[in-house]
Amino acid sequence: MPTDYETVIGLETHVQLATESKAFCADRNRFGQDPNQHISVISLGYPGTLPMLNEQQVRFAVKLGLALGCEINERSTFDRKNYFYADLPKGYQITQDENPICLGGTLPLRMEGQRSVALHHIHMEEDAGKSIHTEGEPYTKVDLNRAGTPLLEIVTEPDLRSAEEVDAFMSGMRRLVRWLEVSDGNMQEGSLRCDVNVSVRPRGQAEYGTRCEIKNMNSMKFARQAVAYEVDRQIGLLEKGEAVRQQTRQFDPATGTTSALRDKEDAHDYRYFPDPDLPPIVLTDAFINEVREEIDVLPWEAYTQLQRDFRLPAEDAHLLTEDHDTYLTFLQYAEVSPDVPALAKIWLNRLLPWLTDERLSPTELPLDPEQLAAFQELILAGDVAAATASAKLLPDLLLSPGEPFARAEELGLLQNSDADFLTEIVDTVIAEFPDKVAIYQKGKKGLIGFFMGEVMKRSKGSAEPKETQRLLRERLG
């Protein structure tokens, strides 16, 4: 991008909530069911039916708002947003326009340097159904299972400046909604998606450029590609002296380009008006405080804590705070660990992959904190080689938990530092390879690795490495 232009991006992030039922009726809220199974006269918009508020949606909205530092609106209202799609049965969407439930707030980004994105508001609404376009068929199918699914829409200020910041924001929001257990945050299933509003302006200009909205981005990769293309497209128009039209656009992953769907609607096009069937939501301080007590540490606080208290590298802290259960469980093990940075490597390289393969949660790890600490002590004391402990002892303990020292002894993995035992093997190896000894003594010191390997082979891996190497150097002169 030419340096004389600045990108300005605002996001509208949609989060499907993990409630049992839909936003305004008792239909089950489930993904992946056969089409049109979870529907009713209410979600189908039959005349004379009335919506009923889902309290869990309100609770989740307040919970997310508190986590993001929003002002909780103690009196919020619902409105009707009127537009027609085949998969919008009522011909309007129940949403919040004038008085959303959360105002302001920020989301810290996990990027180099301290950076937070300012939010404008969060509002509650319902999702539309799904239109299915099958290639070769002359008609469109409509699945209304999703119609009425409870949503939160998080609207940012035009506060982002690059595709990388969009990626960091969406990653952070996915992490947060999973952490709070308000949504599974699954982008592939549409539980988390965003509309990206992109504009460019000459650097230093205060006035924003004309924005274009790219709809329904449900992939970090596609969002980055869409922003990059749209920025180049808009700059190209301005460089040719042409105007950017305010449009709603779609992204084609196959070509990496955006294309116009329609000229962008303004608020008056939707003919918002207060929903006459839903009374205002009035929240008490007691309710808000009750929800606040459900929130403990937040992911960005946990990320900082692991680096500060345990001196973990940023990447290790990042991976250990992707999931709330992983973070809390790791803390329990860290409390008794003799070496927390080494414990983090064991968690990331061995335990989490094993848990994933076994389809277990971190809380179901078969080794308790004391057993894992004892496992680490074996390595630190030199009783078992680190590589051997990781490759042989740990897998055995995961399959059948027990006392690590006894299990290492049972498997013949304990290292032997007995001088007589090691001296006998070292002397045998040196006597067997006089030609190698001569080459070593002429200055090819790298052959020490060859002699170490032979000693390990004869000791079946039990020779203590440091003492073995000291004896070899002594005997080889």
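The model is predicted, with local features needing pLDDT of at least 70 and side-chain atom pairs counting only at pLDDT 80 or more, while totals for chains, interfaces and linings use all residues. Residues are numbered from 1 along each chain as its sequence is written, and side-chain values use heavy atoms, with hydrogens and water left out.

**Helix pair**

- Helix H13 (residues 434-441) and helix H14 (residues 448-458) have axes that come within 10 Å and cross at roughly 145°, where axes are lines fitted to C-alpha atoms over the stretch in contact and angles run from 0 to 180 degrees between N-to-C directions.
- Lys-436, Val-437 and Tyr-440 of H13 make the contact with Ile-448, Phe-450 and Phe-451 of H14, contact meaning heavy atoms within 4.5 Å.
- By class, this contact of H13 with H14 has five nonpolar, no polar and one charged residues; Ala, Val, Leu, Ile, Met, Phe, Trp, Tyr, Cys and Pro count as nonpolar, Asp, Glu, Lys and Arg as charged, and the others, Gly among them, as polar.

**Strands**

- An open sheet is formed by three strands in the order E5-E4-E16, with antiparallel pairing, and two strands pair if DSSP finds at least two bridges between them.
- The edge strands, E5 (92-95) and E16 (273-274), each pair on one side only; helices (H or I, at least four residues) and strands (E, at least two) are DSSP runs, numbered from the N terminus.
- Strand E4 (residues 79-82) pairs with E5 over four bridges in the antiparallel sense, and Asn-82 has Tyr-92 in E5 as its bridge partner.

**Pocket**

- The second largest pocket has a volume of about 300 Å³, a pocket being, on a 1 Å grid over the protein atoms alone, an open set of points where a 1.4 Å probe fits, with protein on both sides within 12 Å along at least five of seven lines; the volume is the space filled by probe spheres set on the points, which are joined across faces, edges and corners.
- Of its 16 lining residues, Leu-109, Arg-110, Gln-114, Trp-300 and Tyr-303 are the closest to the centre, and lining residues have an atom within 4 Å of a point.
- The largest share of this pocket's lining, five residues, comes from H5.
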